[in-house]
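Visitor: I would like to learn how to read a protein model. Could you take me through it, feature by feature?

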Amino acid sequence: MPTNLNFEMARSLVGFTVLLLFLSICESASFFQPISDSHRSAAVELFSPDHGSFKSLEETYEALRTFDVLGIEKKPDVTATACRLVSETVGSSSSTLKDLFYALKANSIVKCKINDKAYQGIITRLNAAVDGASSLPDFYYSVGGLLLVKGSKGDVHLADADGIFRLVKAFRQSDGRWRFSSNSPESSAFAAGIALETLAGVVSFASPELDQSLISTLNSDISKLFDSIEKYDDGALYFDDKLVDGHDHQGPLATTSSVVRGLTVFAAVTDERLNIPSNKILGLANFFLGIGVPGDAKDLFNQMDSLACLESNRVSIPLILSLPSTVLSVTKEDSLQVNVNTVLGSNAPPLTVKLVGVFTSGSKAASLVESQELVFDDGTGMYNLNNLPKSIDVGSYTFVFEIVLHEPEHEKIYVTGGQKKVPIFASGLIKIENAEIAVLDSDLGSIETQKKLDLAGQNAVSLSANHLQKLRVSFKLTTPHGLAFKPHQALLKLRHESKVEHIFVVGNSGKQFEIVLNFLGLVEKFFYLSGRYDIELAVGDAVMENSLLRAIGHIELDLPEPPEKATRPPPQPVDPYSRYGPKAEITHIFRAPEKRPPKELSLAFLGLTFLPLLGFLIGLLRLGVNLKNFPSNTVPATFATLFHVSIGAVLSLYVLFWLKLDLFQTLKLLGFLGVILVLVGHRVLSHLAATSAKLKSA
Amino acid sequence: MGKLWLICIASISILLPFLCNAFSPETPTDRRVLVLLDDFAIMSSHSLYFNALKSRGFDLEFKLADDPKIALQRYGQYLYDALILFCPSVERFGGSIDVAAIVNFVDSGHDLIVAADVNASDLIREVGTECGVDFDEDPSAMVIDHIGYAVSGTEGDHTLIASDDFIKSDVILGGKKIEAPILFRGIGHAVSPANSLVLKVLSASPSAYSANPKSKLSTPPPLTGSAISLVSIVQARNNARLLITGSLSMFSNRFFRSGVQKAGSQTKHEKSGNEQFLTEISKWIFHERGHLKAVNVKHHRVGETDEPALYRINDELEYAVEIYEWSGTSWEPYVANDVQLQFYMMSPYVLKTLSSDKKGLYSTSFKVPDVYGVFQFKVEHQKLGYTSLSLSKQIPVRPYRHNEYERFIPAAYPYYGAAFSMMAGFFIFSFAHLYSK
């Protein structure tokens with residue numbers, strides 16, 4: 001398991017290095033800015049108590065300390081709740097040692113009223129804790145607590161300081177790191193910081209009578225610890241623990257912060273001067289400043305607390321050189337301003353800032369300027385160089401500064417870090433002249449049409465050319481000092497109606513920029529697309545204040561027809577807005593109903609269909625039809641009646657069939673009626689036949 | 001007490017598989033997000049963004065990208081609902097994660113946020129390619145804009161861009177207009193024109209180009225102008241949502257808090273638009289906006305309430321569907337005026353815009369065409385930024401039955417009359433023929 005974790009930690013370190021690299025890319029300039037207002041607003045945001053109080057006493061202390069360091073006005077309610085929490089913890093005998101320690105720490109900032117009785121109780125508790133302590137944190141909290149009580153009450157003593165010193169020192173490892181307890185095998189720089197702080201407390205209790213040899217061995221331990229310091233490319237130094245238990249791992253920031261705290265506190269109490277190169281202190285300061293504004297409350301506290309420790313330490317106080325602006329305009333004659341502050345942004349002692357040299361970025365040529373001193377401005381507290389040297393034209397440069405302290409004894413107190421390289425961009429307005437666009441005939445190079453361009457204003461030239469001609473665009477760029485200027489971006493863009501784009505880099509010879517597009521060689525690249533091409537020219541550079549992107553106009557190109565196997569132009573992106581949206585509605589067109597005659601006409605023809613029947617009836621009456629042959633005897637008369645009733649029934653059945661019955665019902669009834677009809681009909685017809693036969697024979 | 005615990009554990013173990021699925025309309029909440037980092041320091045330097053996510057109820061789990069123990073799924077179940085890759089320099093993921101695993105993760109409907117950066121590793125570029133975007137191949141190229149850069153005293157190389165060319169979509173960027181430009185520093189990418197699922201959310205200005213700021217430009221840059229996408233989103237066909245950007249620093253606290261002034265503009269914004277922009281877009285990515293569901297699809301004949309098994313041609317029918325949008329906490333009625341219904345057989349016979357009652361109910365009525373066959377009710381709602389709704393329901397349409405036609409046609413009266421006069425004539429004739437003397 002531990003090997004796995006170590007592996008992980010090692011990799012996290014690699015990752016952190018990558019992050020710092022990334023941060024340094026972000027900062028672009030590899031110098032560090034002291035603490036600013038953004039830290040203050042971040043602190044107020046990060047240390048915002050939930051419902052008036054913080055989660056723990058530790059967090060309360062961290063908030064109070066951060067506000068204190070940043071000089072933020074403490075909100076009265078925060079102070080009041082902190083005091084209530086402090087007196088609760090201090091008054092109760094069941095509070096843990098850690099809470100007690102942080103309560104006393106918070107109290108040292110907010111200065112609550114704690115009565116003597118409570119103090120006596122604390123002193124007894126802490127003394128007992130010191131006696132019973134077996135691990136480094138126990139010593140840290142109890143000795144630290146006693147020291148804090150001493151700070152506010154005065155008459156506190158530590159019995160057997162010498163013995164405690166030796167006990168704590170037993171946790172020391174040979175490489176300058178410390179262990180948390182005698183049981184844990186792993187040593188850490190984080191523990192070293194805690195141990196130093198604890199020992200500083202012990203020393204301040206028993207300063208005169210302590211064995212000086214103990215302190216000097218400790219000094220060499222600190223030197224050993226600083227041998228294991230790690231380094232980033234930009235000069236920032238930090239401590240990191242690789243061999244610790246996973247859950248105790250603190251990360252580089254907390255570890256470095258712990259070491260810095262321990263170191264500065266220890267340096268403050270010993271008379272001996274610690275043997276640490278001052279550049280290492282500057283590297284540590286750079287590490288804390290390089291983090292920027294942390295997004296985590298704990299990180300912000302660690303950063304602020306460490307910077308506050310560095311601000312007034314006895315080893316060496318780092319001075320930070322920073323520039324409010326590294327982009328200077330040659331045209332506007334900006335003055336070069338340099339700030340020298342301590343890490344928290346307070347004023348530096350009297351000193352002179354020298355500009356040692358100016359070098360063009362990326363070249364190894366000699367310095368462009370003589371070494372000169374910057375003028376101190378009392379009003380702003382900055383060091384100014386009012387006019388940029390004449391030899392500085394637009395471009396990117398590296399300025400080299402040096403800080404010279406006025407009083408020699410300050411050399412021992414402050415660390416300036418020697419020469420400081422700062423990248424500076426000198427920007428300016430670039431003069432654009434002789435801008436022209438022309439269509440040339442290919443063979444002779446004679447000019448067919450030529451138009452002047454005003455690249456500062458609007459242009460709308462309209463040209464036309466065929467594939468045997470050439471297009472030439474030319475212009476001239478000069479810097480404010482009249483030298484040639486080569487911008488990073490000098491692009492000519494031709495865009496066809498179908499949005500196919502072609503981009504060309506405009507080359508230069510000295511000040512003159514020129515591009516000639518020979519369409520004969522470009523027809524394939526242009527996918528044989530004839531038609532209107534819009535022309536755009538983009539000229540821009542980081543140091544060019546008047547970078548421009550101009551639509552010059554358009555050219556009508558007449559290119560030959562594409563051959564069979566010509567490459568097709570690439571597909572162009574579809575506008576996302578037109579891809580969606582409602583579709584046009586569709587309604588179904590129904591079949592038109594059949595055309596029918598008007599109802600009146602049908603009724604008229606219905607009437608006509610009854611006319612033949614009427615004629616038939618009239619005809620019968622005219623012929624004198626009678627029923628004299630109707631059988632007079634009862635039996636035949638009955639059969640005749642039945643016969644006609646049956647015929648009537650069959651006809652009615654047909655009517656019913658038309659109205660409602662279906663074929664099967666009809667056939668069933670018809671079969672039944674048919675049988676009756678046949679039987680009855682046969683009787684009637686045979687009777688009639690017999691009667692007529694009798695008549696004939698008679 | 002012990003019993004209660006037992007019940008708790010049992011219910012958790014039963015629910016666990018459901019808690020870790022992709023966004024689904026049934027269980028839209030409970031979202032676990034895996035954040036892969038190059039370094040744990042990003043947790044601190046990008047904490048505002050992470051806190052914004054945590055405050056919306058997301059459970060973020062931070063891991064190093066090369067942690068050998070990371071995994072997206074275990075026993076066939078995905079452990080997370082979304083993945084955030086804030087590890088631009090990782091060369092190989094640890095554990096069982098690789099590009100194929102990430103693609104499968106997205107293919108099963110999970111969301112992904114990828115932030116690349118300058119010197120992005122081939123692995124992250126490959127993830128980008130799988131998502132449908134191509135980062136500039138030059139490893140040290142950055143997006144440079146000499147006209148639309150952010151004014152800054154200490155940044156002189158114009159790679160810090162202030163961009164305000166947003167996609168016009170309230171559902172993606174929220175209803176509130178983003179006033180301040182977005183700070184961006186990183187690499188640009190191009191979206192493939194053939195891919196209709198990728199959308200550019202934040203484009204570079206026409207004067208931008210992608211190149212190495214430190215070296216001379218001798219060949220035309222591969223990406224120029226508005227074709228450079230700074231931030232792109234993808235909505236896959238399975239409604240998985242992806243965000244791809246070429247800048248990790250745009251998520252950082254420094255950019256969130258930094259003021260911004262675009263070159264050439266006099267207005268200085270106190271705060272960049274990054275926080276608003278990225279928070280709003282994360283709401284879209286995590287389906288808190290623009291995720292639709294359709295329920296209660298109903299259709300019936302006018303005047304009836306029951307759904308018939310089939311319609312007859314020329315029936316009048318009513319169709320209604322309820323559409324809701326997920327708001328992060330509840331399903332809210334979806335209000336739009338362009339939801340359309342198709343009555344479809346090979347091609348739409350009827351295409352009608354549904355009318356909305358502003359409470360989520362969309363309805364319409366129309367007459368069934370006089371063509372019989374098997375039709376479909378289709379609602380294909382595709383709108384920029386919204387998940388696509390695709391409902392279809394099959395319904396047969398039959399012709400008239402023989403007895404459903406018109407019975408007594410006036411135009412046929414002469415024929416009826418002729419037949420009946422003929423029958424009456426026959427009846428009378430039978431008397432006249434038999435009994436007349």
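Visitor: How far apart are the end C-alpha atoms of residues 590–690 of chain A?

Guide: They lie 68 Å apart. The span is 78% helix and 0% strand. Helices (H or I, at least four residues) and strands (E, at least two) are DSSP runs, numbered from the N terminus. UniProt, in an unreviewed entry, annotates these residues 590–690 of chain A as "domain: Ribophorin II C-terminal". UniProt positions are given in the numbering used here, feature names are shortened, and annotations may be inferred rather than shown by experiment.

Visitor: What kind of model is this, and how is it labelled?

Guide: It is a predicted model: local features need pLDDT of at least 70, side-chain atom pairs count only at pLDDT 80 or more, and totals for chains, interfaces and linings use all residues. Residues are numbered from 1 along each chain as its sequence is written, chains are lettered from A and ligands numbered from 1 in the order in which they are written, and side-chain values use heavy atoms, with hydrogens and water left out.

Visitor: What pLDDT does chain A average?

Guide: pLDDT is the predictor's confidence in each residue, from 0 to 100. Chain A averages 82, and 93% of the residues score at least 70. Over residues 1–30 of chain A, pLDDT stays under 50. For that stretch the model has 47 contacts (heavy atoms within 4.5 Å) beyond four places in sequence.

Visitor: How do I check a helix length?

Guide: The expected span is 1.5 Å times one less than the number of residues. Take helix H11 of chain A, residues 251–269. Its 19 residues should span 27 Å, and the end C-alpha atoms are 28 Å apart, which agrees. H11(A) is also mostly covered, with 16 of its 19 residues buried. Buried means under 20% relative accessible area, exposed over 50%, partly exposed in between (1.4 Å probe, protein chains only).

Visitor: Which residues of helix H3 of chain B are buried?

Guide: In H3(B), residues 47–55, they are B:Ser47, B:Leu48, B:Tyr49, B:Phe50, B:Ala52 and B:Leu53. After H3(B) comes B:Gly57, with a positive phi near 95 degrees.

Visitor: Which region of chain B does UniProt list as "transmembrane region"?

Guide: The unreviewed entry gives residues 413–435 of chain B. In the model, that span is 100% helix and 0% strand, with its end C-alpha atoms 33 Å apart.

Visitor: How do I read strands?

Guide: Look for partners. Two strands pair if DSSP finds at least two bridges between them. Strand S21 of chain B (residues 340–345) has 5 of its 6 residues buried, so it is largely enclosed by the rest of the structure. It is joined to S22(B), residues 347–353, by 6 bridges, and the two run antiparallel. B:Gln342 has B:Leu351 as its bridge partner there. The hairpin has 1 residue between the strands, and B:Met346 takes a positive phi near 65 degrees. S21(B) also runs antiparallel to S25(B), residues 373–381, with 4 bridges. In S25(B), B:Phe377 stands opposite B:Phe343.

Visitor: How many disulfides does a search of the whole structure find?

Guide: A disulfide is a pair of cysteine sulfur atoms within 2.5 Å. The search finds 1 over all chains. It joins A:Cys83 to A:Cys112, S to S 2.0 Å. The torsion about the S-S bond is about -100 degrees, so the disulfide is left-handed. A:Cys83 lies in helix H4 of chain A and A:Cys112 in the loop between helices H5 and H6, so the pair ties together parts 29 residues apart in sequence. Both cysteines are buried.
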